[in-house]
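Please read them with the structure open.

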Amino acid sequence: MPIRKALGDIARARGMSQVARDAGVSRESLYKALSGERTPGFDTILKVMAALGLKLHAEAVHIPNHAQQGAPSDARTSRG
């Protein structure tokens, strides 16, 4: 499930108008961003998460040396 969809489900359960106010975006923009009608910017995702009381956590993963050699095979080794 895309994070956008999950955040949309949570926002609808909490009340889109209140989440939009707390995130500092219009209700219409919030619906569009979370409905799939457009791709939300990362800043919008972070604002919505903060409004919902959620925090994004990133953690480094160990990649074996043999996986680091040659062309990247997945997102964990890509530097795009």
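1. At 29% relative accessibility, Lys 32 counts as partly exposed; buried means under 20% relative accessible area, exposed over 50%, and partly exposed in between (1.4 Å probe, protein chains only). Its salt-bridge partner is Glu 28, with the closest N and O atoms 3.0 Å apart. A salt bridge here is a side-chain nitrogen of Lys or Arg within 4 Å of a carboxyl oxygen of Asp or Glu. Glu 28 is exposed, at a relative accessible area of 53%. Lys 32 and Glu 28 are separated by about one helical turn because they lie four residues apart in helix 3. Helices (H or I, at least four residues) are DSSP runs, numbered from the N terminus.

2. On the basis of these values: this is a predicted model, in which local features need pLDDT of at least 70 and side-chain atom pairs count only at pLDDT 80 or more, while totals for chains, interfaces and linings use all residues. Residues are numbered from 1 along each chain as its sequence is written, and side-chain values use heavy atoms, with hydrogens and water left out.

3. How many salt bridges does a search of the whole structure find? The search finds three. Besides the Lys 32 pair with Glu 28, Lys 5 bridges to Asp 9 at 3.3 Å between the closest N and O atoms, and Arg 12 meets Asp 9 at 3.2 Å, N to O.

4. The spacing in helix 1 deserves a look. Lys 5 and Asp 9 are four residues apart in helix 1, and so about one helical turn separates them. Arg 12 and Asp 9 are three residues apart in that helix, again about one helical turn. An α-helix has 3.6 residues a turn, so residues three or four places apart point the same way. Lys 5 is partly exposed at 36%, as are Asp 9 at 31% and Arg 12 at 41%.

5. Which residues does Val 48 touch, leaving aside its neighbours within four places in sequence? Val 48 is in contact with Leu 7, Val 19, Ala 23, Leu 30 and Leu 34, where contact means heavy atoms within 4.5 Å.

6. Helix 2 has Met 16, Val 19, Ala 20 and Ala 23 as its buried residues. Seen down the axis of helix 2, these residues fall within an arc of 100°, so they line one face of the helix; the arc is that of the directions from the helix axis to the C-beta atoms. The buried residues of helix 2 pack against helix 1, helix 3 and helix 4. Gly 24 follows helix 2 and has a positive phi, near 75°.

Note on methods: Helices (H or I, at least four residues) and strands (E, at least two) are DSSP runs, numbered from the N terminus.
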